[in-house]
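The tour goes stop by stop, with something to select at each.

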Amino acid sequence: MNKKQKKMLIRIIISSVLMVLLFFAYRILGPADKPYSLGFIKEPFWFILYMIPYIIIGYDIFKKAFKGIIKLRPFDENFLMAVATIGAIVLALIKKSGDYTDAIAVMLFYQVGELFQSYAVGKSRKNISSLMDIRPDYANVERDGRIEKVSPDEVSVSDVITVYPGEKIPIDGIIEEGNSTLNTSALTGESLPKDVSAGDEVISGCINLTGVLKIRTTKEFGESTVSKILELVESSSSNKSRSEAFISKFAKIYTPAVVISALCLAILPPLFMLVIGKTPEWPEWIYRALTFLVISCPCALVISIPLSFFAGLGGASKEGILIKGSNYLESLSKTKYVVFDKTGTLTKGVFNVNCVHHNTIDEEKLLEYAAHCESASSHPISISLKNAYGKEIDESRVSEIKEISGHGITAKVDEIKIAAGNEKLMESLGLEYKSCHKNGTIVHMAVGDEYAGHIVISDEVKPDSKEAIEKLKKVGVKKTVMLTGDLEKVGKVVADSLGVDEVYGNLLPADKVAKVEDLINNKGRKEVLAFAGDGINDAPVLARADIGIAMGALGSDAAIEAADVVLMDDNPVKIAQAIKISRKCIRIVYENICFALIIKFACLILGAFGIANMWVAIFADVGVMVIAVLNAIRALNTKNTL
Amino acid sequence: MKKSYVIEVDCANCANLMEDAANKTEGIKSAAVNFMTQKMLVEFEEGADEKATMKKVLKNCRKVEDDCNIEF
């Protein structure tokens, strides 16, 4: 609690204690006509006594109300509270009922509500900003042999910065010296620490856990990951959702409408009574009108709807899902079609040796030959062969390397003739080969002058992809589609293994846009199509889809720009999770809208018929607000969304 | 030009009023107030002087909510 809130709490305690004491004192010492009463103290002393707690709790309201009148803003909530409570006191004086508790209680509850609201909002703001507390405060730079703390802004590209254990990496760079483990959870939501050593690229915002690292920066602070993310998060809630727009419009109409109805309620029925010749009962109708005024504040809606969205966005970012605005959160919840890019999204985008077939010699040996044969090449296929071999390559064993473009490579390893390449290479060498039923790139091998089998290299499906598709189906996505630049056949196999409904292959980036447009044109008006890609060459598609989801996009600025949702790690399961979080948030928003409106209108009607008194009215105002705020904070909780 | 400013405002409705006031200020193309993050995101019109415009924005906001503050 801050100072302001503490002061308010003290005021609330003092005046509520006084109010309770007075309440009982009135029963015992009050007017002689009441039972058990001794009649020691008479009016107007009661009035004066009751005014003490009333003024303690309400003085700032009067001040603000007065300022509001000067500024010609009549429908200010302070003004309404002041009018309602003063009206209640005046009525009590006129009726000589001595019942001033109503007015004090209304003021008291109103202030309790305000205090609660400012506390809850402050608390959840702190919660959420601590989740995204990745802003580094300083960077350690060596100057004249001493290490100095400077602002990250002052560090230029290719300076060396030192990061001690427990510190945040302030700027993106490459490790020059040192080993450590990094906590990346603030960035990716991934709780497993990551081991890094010299030569590894590191991104800003990670926390260095164990060792001292010397990092050569590759970007300026403003261009670093951490700045990009903070920029995204901070500007996120300026894109307002339709519900929020609705509420702020509603709030503008609601208060004046209720105030005008209150006026009508105070004047019209008594006039009507006069006309038909009955007693007008002015005090009764004015009391009812004042009850109206107490309900007239749209606080519950105005505060809880943005708070729900804020908590929803915060909860999502806790899980490594950055959503650029509450409008996107809203459309995300209506997702019915999810279109994927294949490589890098559903598959790892890294080529790996999958299996070795028909080998006449030992598998290890065959890979060893293959790796050595391809030792001079930097083609992805060669790299994957070298990775599969996994040991140091001794280039002195290799000679006479010949690269035959479009065919493969021939070389001598340990003075044995080795050929590694495709079917054409085998044909040109006059060797019989066995074709493969497996998908992927096939490297046929010849050792000596004989066919020695083939190695299948393929892009690996991510371990979570299948689960991701299943979960999407579970959250009610109608259709999943995969787009790929690869051969349709290759795509089909991946799609079938994952359970994706449709596949389109052989697509250039422009074709992908056309395909997505096709799908958008064929869907229902209220259905939303999301496109998920790794962001490397998907920017146009990301921008075209209703919702563009960029995965593992750290470092790809174009994707962060174009996408509406950014997944910090590249786990496709997060797509379903994002949808679930958005659904939960939207459900809470609707719950709050309905709950607040129903209670308020019910109390208005009951108030008009004189069934609900001011106590009920203040519940309709403050109680609903408290409940709605508590409900809104639920959106922050992302348990059970995975 | 787009810039974000730290603001201080106590109630959500007041934040909406501030947004309206800021949007009506000369030199402002669009302004969005985020009550939750206590930030105001402002897009200036071309050629508008930042300091002078923000002074006007603050003045207009104070008219609707005298408790508010904008840091610029």
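Helices here are DSSP runs of H or I with at least four residues, numbered from the N terminus. The model is predicted.

**Stop 1: helix 9 of chain A**

Select residues 299–318 of chain A, which form helix 9. The helix has 20 residues and reaches 28 Å from first C-alpha to last, close to the 28 Å expected at 1.5 Å a residue. Now show its surroundings. Of those 20 residues, 19 are buried, so helix 9 of chain A is largely enclosed by the rest of the structure. Step just past the helix to Gly320(A), where phi is positive, about 80°.

**Stop 2: helix 2 of chain A**

Go to residues 45–70 of chain A. After the helix comes Leu72(A), with a positive phi near 60°.

**Stop 3**

Most residues other than glycine have a negative phi. Select Ser158(A), where phi is near 65°. Ser158(A) sits in the loop between strand 2 (146–150) and strand 3 (160–163) of chain A. Is it buried or exposed? Ser158(A) is exposed, with 11 other C-beta atoms within 10 Å. Next, pick Glu400(A), where phi is near 50°. Glu400(A) lies in strand 13 of chain A, residues 398–404. Glu400(A) counts as exposed because it has 11 C-beta neighbours inside 10 Å, and the cut-off for exposed is 12 or fewer.

**Stop 3: the domains of chain A**

Zoom out and colour chain A by domain. Domain 1 covers 3–131 and domain 2 covers 139–235. Domain 3 takes two segments, 242–308 and 584–636. Domain 4 is made of 334–345 and 462–578, and domain 5 spans 348–460.

**Stop 4: chain B**

Chain B has 2 helices and 4 strands, in the order β-α-β-β-α-β along the sequence. Its C-alpha atoms fill a box of roughly 35 × 20 × 20 Å along the principal axes. The radius of gyration of chain B is 11 Å, which agrees with the value near 11 Å for a compact globule of 72 residues. Of the 72 residues, 42% count as buried.

Select Ala21(B), in helix 1 of chain B. Ala21(B) counts as buried because it has 23 C-beta neighbours inside 10 Å. Beyond four places in sequence, Ala21(B) touches Asn60(B), Cys61(B), Lys63(B) and Val64(B).

**Stop 5: where the chains meet**

Bring chain A back. The contact takes 15 residues from chain A and 14 from chain B. On the chain B side, helix 1 (12–23), strand 2 (28–34) and strand 3 (39–44) each supply at least two residues. Which of the elements of chain B gives the most? Helix 1 of chain B does, with 3 residues. By class, the side of chain B that touches chain A has 5 nonpolar, 5 polar and 4 charged residues.

Notes
Residues numbered from 1 in each chain as written. Chains lettered and ligands numbered in written order. Predicted model: local features only at pLDDT ≥ 70, side-chain atom pairs only at ≥ 80, totals over all residues. Contact = placed C-beta atoms within 7 Å. Nonpolar A, V, L, I, M, F, W, Y, C, P; charged D, E, K, R; others polar. Expected span 1.5 Å × (residues − 1). Rg over C-alpha atoms; globule rule 2.2 N^0.38 Å. Domains from an automatic or database assignment.
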